[in-house]
Amino acid sequence: MESRKIAIVTGASSGFGLLTSIELAKRGFDVIATMRDLEKTQALFDVAETLQVKEQLTVLPLDVTNSGQIESLKKEISARNSVDVLVNNAGYALGGFCEETTLDEYREQFETNFFGVIAVTQAVLPFMREQGRGKIINVSSISGLTGFPGLSPYVASKHALEGFTECLRLEMKPFGIEVALVEPGSYQTNIWSNGKRVAEKSLKGESPYSTYMRAIESKIEEGVPNYGDPQEVANLIADLCEREKIEPLRFLVGKGIKAIVFIKKWVPWAHWEKAFYKRLLK
Ligand SMILES: NC(=O)c1ccc[n+]([C@@H]2O[C@H](COP(=O)([O-])OP(=O)(O)OC[C@H]3O[C@@H](n4cnc5c(N)ncnc54)[C@H](OP(=O)(O)O)[C@@H]3O)[C@@H](O)[C@H]2O)c1
């Protein structure tokens with residue numbers, strides 16, 4: 001009997017990571033579902049039990065900023081002697097205006113969303129290169145393609161991820177490793193409630209940015225009912241994992257975001273900015 005393909009997913013405790021782990025298991029992968037807090041395993045196991053795919057899931061502790069845990073991941077891959085897919089999904093969104101965000105907060109954001117991706121990628125690359133095959137899917141965002149006020153830590157980390165991933169794709173293609181970026185718009189996951197830490201400073205009355213931040217918040221709130229079903233993103237990631245070749249590099253997913261990217265690319269910055277303020281501050 002042919003052995004199952006092996007996929008590693010980071011940030012599998014909730015949202016896209018949980019749904020992707022389940023979707024890949026449903027499609028016949030053995031999934032190493034990693035999460036930093038093992039007390040959150042139950043949510044994943046509950047779904048897996050209902051869908052009868054629990055035996056295809058192995059949960060490993062992995063905070064992507066923890067080098068000791070990344071070493072343990074390498075040992076797990078070594079023991080299995082194979083790895084087919086890595087989904088770099090773990091991340092969080094830090095909001096806040098530049099003046100009110102500390103350098104340490106920016107650094108922490110990059111530790112997870114950028115350096116964490118590099119560290120986990122470096123752990124799988126030697127195995128994939130030797131096998132001469134593998135797929136790495138990096139979960140970026142529309143925030144990796146366009147800026148937004150009050151969200152520069154997150155936006156900057158995802159822009160960095162975009163640049164890194166372009167290079168990685170060009171480096172690894174000759175070795176049979178396919179690299180792709182999934183760029184979602186806004187979806188109903190925990191990310192928005194988890195990421196408000198710094199934005200809250202800017203919402204307070206004494207902040208010079210409070211009026212501006214409240215305008216941003218109310219635009220975001222208006223959009224919440226239109227946030228997409230995260231299963232859509234999990235399905236896309238699983239589709240890519242099943243493909244032999246992944247073309248092109250970038251996969252935009254979500255309502256209205258293709259239009260945003262198109263307009264940003266072709267409309268001169270001055271017009272883009274004017275339209276942006278008109279919409280945001282009207
Ligand atoms: N939802 C959206 O609208 C949206 C849009 C574009 C891109 N994205 C991207 O999608 C990815 C998944 O986010 P989500 O929307 O599914 O949000 P989510 O439900 O909050 O899931 C984020 C996952 O990342 C984990 N995580 C955070 N920091 C970590 C670290 N240092 N090490 C390991 N795991 C860590 C979280 O673990 P804990 O449970 O322990 O916190 C959780 O499992 C992120 O990269 C995000 O930037 C989301």
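Q: What should be kept in mind about the model and the numbering?
A: This is a predicted model, in which local features need pLDDT of at least 70 and side-chain atom pairs count only at pLDDT 80 or more, while totals for chains, interfaces and linings use all residues. Residues are numbered from 1 along each chain as its sequence is written, and side-chain values use heavy atoms, with hydrogens and water left out.

Q: At what angle do helix 4 and helix 5 pack?
A: Helix 4 (residues 103-131) and helix 5 (residues 152-172) pack at about 20°, and their axes are 8 Å apart. Helix 4 is therefore roughly parallel to helix 5. Helices here are DSSP runs of H or I with at least four residues, strands are E runs of at least two, and both are numbered from the N terminus. Axes are lines fitted to C-alpha atoms, for helices over the stretch in contact, and angles run from 0 to 180 degrees between N-to-C directions. Angles under 35 degrees count as roughly parallel, over 145 as roughly antiparallel, 65 to 115 as roughly perpendicular and the rest as oblique.

Q: And which residues make that contact?
A: Helix 4 contributes residues including Tyr106, Phe110, Phe114 and Leu125, and helix 5 contributes residues including Tyr154, Leu161, Phe164 and Met172. Contact means heavy atoms within 4.5 Å. By class, the residues are 14 nonpolar, five polar and one charged. Here Ala, Val, Leu, Ile, Met, Phe, Trp, Tyr, Cys and Pro count as nonpolar, Asp, Glu, Lys and Arg as charged, and the others, Gly among them, as polar.

Q: How does helix 3 pack on helix 4?
A: Helix 3 (residues 67-80) and helix 4 pack at an angle of about 25°, with axes 10 Å apart. That makes helix 3 roughly parallel to helix 4. Ile70, Leu73, Lys74, Ile77 and Ser78 of helix 3 meet Ala119, Val120, Ala123, Val124 and Phe127 of helix 4. This contact has eight nonpolar, one polar and one charged residues.

Q: What about helix 1 and helix 9?
A: Helix 1 (residues 15-26) packs with helix 9 at an angle of about 45°, and the axes are 8 Å apart. Helix 1 is therefore oblique to helix 9. On the helix 1 side the contact involves Phe16, Leu19, Thr20, Glu23 and Leu24, and helix 9 supplies residues including Val233, Ile237 and Cys241.

Q: Changing topic: which residues touch the most other members of the largest nonpolar core?
A: Leu24, Val87 and Ile137 do, in a core of 34 residues. Helix 9 (residues 231-242) gives the largest share, six residues. A second, separate core has 28 residues, among them Ile77, Val83, Leu86 and Val179. A nonpolar core is a set of buried Ala, Val, Leu, Ile, Met, Phe, Trp, Tyr and Cys residues joined through side-chain atoms within 4.5 Å. Buried means under 20% relative accessible area, exposed over 50% and partly exposed in between, with a 1.4 Å probe and protein chains only.

Q: What does Ile137 contact?
A: Leaving aside neighbours within four places in sequence, Ile137 is in contact with Leu86, Val87, Asn88, Ala180, Val182, Ile237, Leu240, Cys241 and Ile246.

Q: Is Glu183 buried or exposed?
A: Glu183 counts as buried, at 1% relative accessibility. Glu183 is placed in strand 6 (residues 177-184). Beyond residues up to four places away in sequence, Glu183 touches residues including Glu162, Arg250 and Phe251.

Q: And Glu105, buried or exposed?
A: Glu105, in helix 4, counts as buried at 19% relative accessibility. Not counting residues up to four places away in sequence, Glu105 touches Leu94, Glu100, Val198 and Lys201.

Q: Which residues does a cis peptide bond join?
A: The cis peptide bond joins Glu247 and Pro248, with omega about -5°. Pro248 is in the loop between helix 9 and strand 7 (250-253).

Q: Where is Gln52, and what is the phi of Gln52?
A: Gln52 is in the loop between helix 2 (41-50) and strand 3 (57-61). Its phi is near 60°, a positive value in a residue other than glycine. Gln52 counts as exposed, at 68% relative accessibility.

Q: What of Asn81?
A: Asn81 has a positive phi of about 65° although it is not a glycine. Asn81 sits in the loop between helix 3 and strand 4 (85-88) and counts as exposed, at 67% relative accessibility.
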